[in-house]
Amino acid sequence: MVKETIIHKWAYTGKHAPEFWADLCPEYSDCNGKHQSPIDIKNAKINSILKPPEFNYKPANIHIVNNDLTVLFKVNSDCFVHYNSKKYKLLQFHFHSHSEHTVNGKYYPLEIHFVHKAAKNDLLVIGVFVDTGNKNHFFQEWLNKIPKANKEYKSNQKFDALQLIPDNKTYYLYSGSLTTPPCSEIVNWLVFSKSLTATQYQLNYFASILKNNFRPLMLLNNRKISIFNDKN
Ligand SMILES: [Zn+2]
């Protein structure tokens, strides 16, 4: 995910590439931490205590920002997820091409991160993979509105982020970090197992704008990955 306040310039290639993030400035030292994201998701254990997240999203005015590091949809209406007896407010969602997380070593062409906040150091980021397949209707509607580098698009038209949440709520859960500097280890990662689809054309379009904006995989170290199985 991308934090909006940039302390020090960073990038995905060259002298400010991911392998150098921790050394760019003291504020980024967490990038060398032991609970970093993304990870390869494997050997997840069923946890019978887990419950599905409850989505309380509603349509919001469109506001798309291309900041040269990602494309993000800002959310200015009251959209919430209730999870683990807490209320997390949706701030924005954004895209990585290809995916950042993998499942048993498999990358997806695209990953969406829905960034929610309950308190200063308590984030819930929901990851949704997009695979090649049928046309994605959300993308169909908004893809050509994505502005060129370092620009934004705003209007009174409404978009509904719920269109990008899979019906089946089977998910993986683990503790991790922001995948961009300052790489703070404050994220409850909830990654849906069922992917959405988009056409090759739509995925290529994202790839041409996002230009490989993914952080390489980090080590799991001593963390556990849980899975909630949605039987619906
Ligand atoms: Zn992200």
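Predicted model: local features only at pLDDT ≥ 70, side-chain atom pairs only at ≥ 80, totals over all residues.

Biologist: Where does Lys211 sit, then?
Modeller: Lys211 is in the loop between helix H3 (200-210) and strand E15 (226-228). Lys211 is not a glycine, yet its phi is positive.

Biologist: And is Lys211 buried or exposed?
Modeller: Lys211 counts as exposed, because 12 other C-beta atoms lie within 10 Å, and the cut-off for exposed is 12 or fewer.

Biologist: Back to the helix. Which residues of H3 are buried?
Modeller: Those are Gln202, Leu203, Phe206 and Leu210. They are on the same side of H3, because they cover an arc of only 95 degrees around the axis.

Biologist: What's on the face turned away from the buried side of H3?
Modeller: That face carries the exposed residues Gln200, Tyr201 and Ser208.

Biologist: And what covers the buried residues of H3?
Modeller: The cover includes strand E5 (71-74), E7, strand E9 (110-119), strand E10 (122-132), helix H2 (137-142) and strand E14 (196-198).

Biologist: E7 is in that list. How does E7 pair with E5?
Modeller: E5 and E7 are antiparallel, with three bridges between them. One detail to look for is Lys74, whose bridge partner in E7 is Gln92.

Biologist: How many bridges join E7 to E9?
Modeller: Seven, and those two strands run antiparallel as well. For an example, find His94, which has His113 in E9 as its bridge partner.

Biologist: What about E6 and E7?
Modeller: They pair in the antiparallel sense too, over four bridges. His82 stands opposite Lys87 in E7. E6 and E7 make a hairpin with two residues between them, and Asn84 in the turn has a positive phi of about 55 degrees.

Biologist: What is the phi of Ser85?
Modeller: Near 65 degrees, which is positive even though Ser85 is a residue other than glycine. Ser85 is in the loop between strand E6 (80-83) and E7.

Biologist: Is Ser85 buried or exposed?
Modeller: Ser85 is exposed, because it has 6 other C-beta atoms within 10 Å.

Biologist: Changing topic: where are the cis peptide bonds you'd point out?
Modeller: One joins Ser97 and His98, with omega about -5 degrees. His98 is in the loop between strand E7 (86-96) and strand E8 (102-103). Another joins Pro181 and Pro182, with omega about 10 degrees.

Biologist: And where is Pro182?
Modeller: Pro182 belongs to the loop between strand E12 (171-176) and strand E13 (187-192).

Biologist: One more: what does Lys154 touch?
Modeller: Leaving out residues up to four places away in sequence, Lys154 touches Ile62 and His63. Lys154 itself lies in strand E11 (residues 151-159).

Biologist: How far apart are Lys154 and His63?
Modeller: They are 91 residues apart in sequence, but 4.4 Å apart in space, C-alpha to C-alpha.

Technical notes
Residues numbered from 1 in each chain as written. Buried ≥ 20, exposed ≤ 12 C-beta atoms within 10 Å, placed from the backbone. Contact = placed C-beta atoms within 7 Å. Arc of directions from axis to C-beta. Pairing = 2+ DSSP bridges.
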